[in-house]
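Please look over the sequence and the 3D structure shown here, and then work through the exercises that come after them.

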Amino acid sequence: MIQGWVPAAALALVVAASTAFADDAPPPPPPPAQGWSGKGEAGYVMSRGNTNTDSANAKLDLADVVGDWKHSIHLEGLYGRSVEITSAERWAALFQSDYQITPRAFGFGALHFLQDEFSGFQYQASATTGIGYKFLVTAADKLTAQVGIGYRRLRPELLTMDAAGAVIARTPGESTGTAIGTAGFDFAHIFNASTKITDKLLVESGSGNTSLENDLALVVNMSKKLALSAGFTFQENTEPPGGLKKVNTLTTLNLVYAFNQ
């Protein structure tokens with residue numbers, strides 16, 4: 001787990017930039033992008049001295065609208081290493097297709113895969129379907145919520161660590177499958193032409209475990225393509241095996257590049 005230790009000065013710069021532009025009016029909604037559009041973001045911290053620490057994270061979001069269909073892809077990776085010990089390693093992928101039923105209502109189908117080397121689960125994979133609704137669609141605010149059902153397979157594993165915290169053995173458990181319920185929301189508020197806040201939540205609940213991830217970010221544009229993002233991610237597994245911690249948090253400061261927006 002990477003602790004939330006991004007320098008306070010960096011976060012202050014983001015907040016200060018937000019305040020400086022607070023009087024600007026929100027921009028009008030952009031016209032629909034043609035073809036795939038999205039953003040990529042990445043952050044890396046290297047510390048050398050009394051202790052050697054490396055941490056890196058990257059995310060990629062893509063979306064395409066074809067008629068009444070919207071297809072979206074989310075990929076992310078996280079790596080942390082301190083004092084020659086790997087302390088975090090996480091890979092995730094989410095693919096979702098939405099079909100517009102009305103201007104605000106839609107049906108969805110989604111595939112989700114998560115591999116977190118320090119969660120106590122070798123993997124969690126799910127397929128879900130359900131309905132969603134766009135509660136807010138304005139120039140300044142967007143709020144979409146969805147609920148559904150599906151099927152999940154997960155495989156717990158017992159981690160054996162030495163006194164320094166390094167994993168020296170992994171003992172996989174039995175892979176199981178179960179029905180699940182899923183819920184999520186996606187919120188964005190644009191303060192002005194340069195600053196916005198986003199918050200995304202995804203919950204999957206079934207026999208054996210409930211997983212929750214909330215990703216909050218403050219984004220300040222530096223140009224039409226580049227932005228600075230300060231984020232806080234909260235992750236929880238309600239029933240991790242082997243007495244592992246239920247909650248992990250991650251604080252990031254990333255450079256964001258948008259394309260075909």
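Predicted model: local features only at pLDDT ≥ 70, side-chain atom pairs only at ≥ 80, totals over all residues.

Residues are numbered from 1 along each chain as its sequence is written, and side-chain values use heavy atoms, with hydrogens and water left out.

**Exercise 1. Describe the surroundings of Phe-121**.

Begin with the element: Phe-121 lies in strand β6, residues 121-137, where strands are DSSP runs of E with at least two residues, numbered from the N terminus. Next, consider accessibility: Phe-121 is buried, because its relative accessible area is 2%, and buried means under 20%, exposed over 50% and partly exposed in between, with a 1.4 Å probe and protein chains only. Then turn to the contacts, which are heavy atoms within 4.5 Å: leaving aside neighbours within four places in sequence, Phe-121 touches residues including Asp-116, Leu-154, Asn-209 and Pro-241. Arg-155 is also in contact with Phe-121, and although these two are 34 residues apart in sequence, they are 5.6 Å apart in space, C-alpha to C-alpha.

**Exercise 2. How many aromatic pairs does a search of the whole structure find****?**

The search finds three, where rings of Phe, Tyr and Trp (its six-membered ring) pair if their centres lie within 6.5 Å, and planes under 30 degrees apart count as stacked, over 60 as edge-to-face and the rest as tilted. One of them joins Trp-69 and Tyr-99, and it is tilted, with 5.0 Å centre to centre and 55° between the planes. This pair links distant parts of the chain, since Trp-69 is in strand β3 (residues 69-82) and Tyr-99 is in strand β4 (residues 85-100), 30 residues apart. Trp-69 is partly exposed because its relative accessible area is 40%, and Tyr-99 counts as partly exposed at 36%. Another pair, Tyr-133 with Phe-135, is edge-to-face, at 5.0 Å centre to centre and 65° between the planes.

**Exercise 3. Which strands pair with strand β13, and in what sense****?**

Two strands pair if DSSP finds at least two bridges between them. Strand β1 (residues 37-47) is joined to strand β13 (residues 247-259) by five bridges and runs antiparallel to it, with Lys-39 standing opposite Ala-258. Strand β12 (residues 226-237) also pairs with β13 in the antiparallel sense, over 11 bridges, and here Gly-231 stands opposite Thr-252.

Methods
Helix = DSSP H or I, 4+ residues; strand = E, 2+ residues; numbered from the N terminus.
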